[in-house]
Amino acid sequence: MLPYIVKRVLGMIPSLIIISFITFFVIQLPPGDFVTSVQSQVASSGGGMDATTVEALRVRYGLDQPQVVQYWRWIKGFPTGDFGYSLEWSAPVWDVIATRMGWTLLLSGLALVFMWVVSIPIGVYSATHQYSIGDNIFSFLGFLGLSIPDFLLSLIWLVVGTLVLGIPAYGLFSPEMADAPWSLAKFLDLLKHLWAPVIIMGIIGTAELIRIMRGSLLDVLNQQYVTTARAKGLHEKKVIKKYAVRMAINPLISVLGMQIPKMISSSIIVGLVLSIPTVGPIFLRSLISQDMYLAGVILLFMAVMLLVSNLLADLVLAWIDPRIRYE
Amino acid sequence: MKNEEKNYLLTIKDLVVHFHTLEGIVRALEGVSLHLEQGKTLGLVGESGCGKSVTAHSILRLLPPKLCKIKGGEILFRQRDSAEPIDLAKVDPQSDLIRSIRGHEIAMIFQEPMTSLAPIYTVGDQIMEAIMLHRQVSPEQARESAMEMLKAVALAENVVDEYPYRLSGGQRQRAMTAMALSCNPSLLIADEPTTALDVTIQAQILELLMSLQKEFNMAILMITHNLGVIAEMADEVAVMYLGRVVESGAIEQVLGNPLHPYTIGLLKSLPKMGDQTNRRLAPIPGSVPDPLAKVEGCPFHLRCPVYKQKGCDGKELPSVVEPEPGHLVRCVLYY
């Protein structure tokens, strides 16, 4: 197993290099550069910059160099943990995004856990009680969940939470807690703010997974080996758990690889609407201001998550299905 | 039926099973009667859709309970330690009682060896599971017995740690047989056990079943559409058509002196060794009616070549007659 993992991890490196190359150039495709955006900002506030200042800024930031050189300057620091310098924040990229990345991962991770914990039991119930009232209600809710985009749900939650229920519906902490040192009270305050965005982010995935689990289990329940297990005298619950669900879960794991990056991008949107300090808000700003090193690192971060989650999904599949393990 | 005083292991009386599908009611079984003695083999023959497999699955109550309803009849099974037979038709398919019989007193092997073992557990796991479910043994003892059973079906002992997908079709059917016999059942239901296998493997599996039957003294309900298999294995045979047994009796009686026009047609449609190669086989005219349609009267009259003789108009369901002792037939020709 270990050589396989090492091989896969090494195999990621060329993909990442290619991805970083492409993202770096795509970010810079719009006309102008960071200095132009600074210039227009200054202009919109009534000021002006003379040509020499603009040139000096370009030289200082290295923007006068060819793009390949700029790319090399950025990428060569990666092995040493230097992810470049954010022009807009005047700070190393890593310092700007480190805590935000933490929150992003936390929110996405919790949303994933929520999705799996909720969808598997519901999917199993729906399949074993096909066309029952419960199955129909869950199917209806599932389609509703599938069809409402996360930004809309966030907005609805903002309105309902603050105006109707009168509870804090945005941010991660109450204002009085934001700068307080960590304590139990602050942790509880965090939990109070955390559950809503986690559910909002998880709801589309949950609906998807319920449909997949239901369909897959219905398929497996017709398999001969399920009847064999029953004919052995096994209890129906055990037949479902040990034989049917174990097999039916395969497609769920395959989509897991796709869901992790989806969660990251959902955390960006939900973070923006509910003002949660995920990488979302700064990602948007970095794209507008053409702060290419910051935007590039965030994009690369998402690419890494995609590759890692695919590897994870493959490993889990191999772990639960011997037919994959031996090939 | 006569001979009721005899101690049959399994007696099915007038079993009626209906499927409630979206398109309508399918009358899968319309009154099936059978009996099987301890240690003997009963062959159940008929073409696809005649209700052979439904009968087999009904005995173990394996039909999906929402879709398939037992509308009437009895399935009397004599358990090992009790004098009085129990009626499996009245047992709750989810009950502890039926689960203690499944795999323990009645075991079943299936048509599709490629899919009847779960791909994610080893052969040994699956056999041990059955053993530990019905016998009070430790996992080590269960593994021992599993390996013994594998040896009994002429598989290597190390198959115990193999996954089913690494075995061939014949090996899987052997492993399946080992699992079915692991708790020493008094009745083995074999639902077309050789249909998916090629001819040489078929012969091996049949021989294996016959020798194991002697060794374990169990009865076999052999379901097949292959009359050759029946001729080789069975003591008694029942011919089914459209959810009814149309003819039954000892193997020599039914195959040597077939009475029902359907049985006669089945035997005529078989190729014979030594026949001239240019002789055409004689198929039964027509085809099996639509499963949703209710055939009134004699189920076979739509395809029967002789029903207009002897004043038979096919409008009435013939009753069962016994032209010779033990040989039953449902046809007006023998009134």
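Chain B holds nine helices and 12 strands. The model is predicted. Buried residues account for 47% of the 335 residues in chain B. The largest nonpolar core counts 162 residues, and chain B also contacts chain A through 23 of its residues.

**Overall form of chain B**

- The C-alpha trace spans about 70 × 50 × 40 Å along its principal axes.
- Of the contacts in chain B with a separation of 6 or more, 63% link residues 24 or more positions apart.

**Nonpolar cores**

- In soluble globular proteins, nonpolar side chains tend to be buried together.
- Within the largest core, the residues with the most contacts are Ala244(A), Leu221(B), Met222(B) and Val239(B).
- Helix α8 of chain A (residues 184-221) gives the largest share of this core, 13 residues.
- Domain 1 (2-93) and domain 2 (100-320) of chain A both contribute residues, so this core lies between them.
- Leaving aside residues up to four places away in sequence, Met222(B) touches Thr41(B), Leu42(B), Gly43(B) and Leu44(B), along with Ala190(B), Ile230(B), Met233(B) and Ala234(B).
- A second, separate core has five residues, among them Leu259(B), Leu328(B), Val329(B) and Cys331(B).

**Contact between chains A and B**

- On the two sides, 23 residues of chain B meet 18 residues of chain A.
- In chain B, the elements giving two or more residues to the side that touches chain A are α2 (96-101) and α3 (123-134).
- The largest share of that side, four residues, belongs to α3(B).
- By class, the side of chain B that touches chain A splits into 12 nonpolar, seven polar and four charged residues.

**An open sheet in chain B**

- Strands of a sheet pair through backbone hydrogen bonds, either parallel or antiparallel.
- Here four strands of chain B line up in the order β2-β1-β4-β5, with antiparallel pairing.
- The edges are β2 (24-36) and β5 (86-87) of chain B. Each has a single partner strand, so one side of each is left without a neighbour in the sheet.
- Strand β4 (residues 68-77) of chain B is joined to β5(B) by two bridges, and the pair runs antiparallel.
- Across from Phe77(B) stands Ile86(B), a residue in β5(B).

Methods
Residues numbered from 1 in each chain as written. Chains lettered and ligands numbered in written order. Predicted model: local features only at pLDDT ≥ 70, side-chain atom pairs only at ≥ 80, totals over all residues. Buried ≥ 20, exposed ≤ 12 C-beta atoms within 10 Å, placed from the backbone. Contact = placed C-beta atoms within 7 Å. Core = buried A, V, L, I, M, F, W, Y, C linked by C-beta atoms within 7 Å. Domains from an automatic or database assignment. Nonpolar A, V, L, I, M, F, W, Y, C, P; charged D, E, K, R; others polar. Pairing = 2+ DSSP bridges.
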